[in-house]
Amino acid sequence: MILQPINPNNRLSAEHALFVGSSGSGKTTGVKQVGVIKATDQVALFDPYHDYDSLCGREVRRYTSLAAFARALFAARAAKGCRGFKIAYSPKDGANAKNLEAFSKVVWGAGDGLHKKPLKVIFEELAKCVNTSGAARGAFGEILTGGRKFGIHAICIFQRGQEVPKTVMGQCSIKWVGRQQRKQDAVYLANELDLPVDKIIALPKYHYLMKKDDHNIGQFDSGKLKKLAA
Ligand SMILES: Nc1ncnc2c1ncn2[C@@H]1O[C@H](COP(=O)(O)OP(=O)(O)OP(=O)(O)O)[C@@H](O)[C@H]1O
Ligand SMILES: [Mg+2]
């Protein structure tokens, strides 16, 4: 059975985010640091490699069983007081399309356009789980194209822009770009995300460019990550 989200609400704004950078460039650290997640947020994580023991000072509850993850997520969403939570699904067989889709179906069913808090959803290792050609499909595609109305904010993490469907680039209003390894990767991102290619090429490790919806054409922020305590 596929659960459907409830209470579509067209007044909600689109707040999906993407984090793209080569291995070790600081994507996961960026998610923890640059303000897209707060300690009081309700967060579901697809975290196949256990990258998140904690998130914004809160412990991450981790499940290797999808059924147990779903029970924990729905109980936390329904709980009185709308407290923040961080609940992760870490499938035993890692990052693959089947696991991403199963996770996405659960998360999609937890959407509620009238809930007091959005449901933020972290998708780690996206490139290992999607088909690059064409649009994002299945429940993951639904989250990207229809999640806004149900208060679902996707946070998509991957290494190269060419490795994910164009839907990801098109639907994410917050874009974090870290160091790239190859010029052609930087050129691709510059074109897709409308950022200056020379600035992307010049990024060292842990430095980033960040573009948000309220930036005008040609505007963006830049910064350097802090080293987080282990
Ligand atoms: N400003 C910094 N100074 C020193 N080390 C840092 C800094 N920022 C992050 N690191 C460390 O660099 C390593 C890589 O960072 P991180 O895991 O965020 O990269 P990533 O892009 O998510 O990598 P991967 O593609 O492997 O998931 C981590 O061990 C992290 O703690
Ligand atoms: Mg990472």
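Predicted model: local features only at pLDDT ≥ 70, side-chain atom pairs only at ≥ 80, totals over all residues.
A polar contact is a pair of N or O atoms within 3.5 Å.

**Entry: ligand 1, polar contacts**

I started with Leu 225, where a backbone N or O atom sits 2.8 Å from a nitrogen atom of ligand 1. Next I checked the oxygen atoms of the ligand. A polar side-chain atom of Lys 27 is 2.8 Å from an oxygen atom of ligand 1. For Gly 26 I found a polar backbone atom 3.0 Å from an oxygen atom of the ligand.

How much of ligand 1 does the protein bury? I got 70% of the 640 Å² that the ligand exposes when taken alone.

**Entry: ligand 1, the surroundings**

I found 13 residues around ligand 1, and the closest are Gly 24, Lys 27, Thr 28, Thr 29 and Leu 225. Sorting this shell by class, I got 8 polar, 3 charged and 2 nonpolar residues.

**Entry: the largest pocket**

I then looked up the largest pocket and wrote down a volume of about 450 Å³. It has 17 lining residues, and those closest to the centre are Thr 29, Lys 32, Lys 227, Leu 228 and Ala 229.

Which elements give two or more residues to this lining? I have helix H1 (27-33) and strand S3 (54-55). H1 gives the most, with 3 residues.

Terms used: Residues numbered from 1 in each chain as written. Chains lettered and ligands numbered in written order. Heavy atoms only, no water. 1 Å grid on protein atoms, 1.4 Å probe; cavity = no way out; pocket = protein on both sides within 12 Å on 5 of 7 lines; lining within 4 Å. Points joined across faces, edges and corners; volume = space filled by probe spheres on them. Helix = DSSP H or I, 4+ residues; strand = E, 2+ residues; numbered from the N terminus. Near = heavy atom within 4 Å. Polar contact = N/O pair within 3.5 Å; in protein donor to acceptor, adjacent residues only side chain to side chain. Areas by Shrake-Rupley, 256 points an atom, 1.4 Å probe, with all protein chains shown as cover. Nonpolar A, V, L, I, M, F, W, Y, C, P; charged D, E, K, R; others polar.
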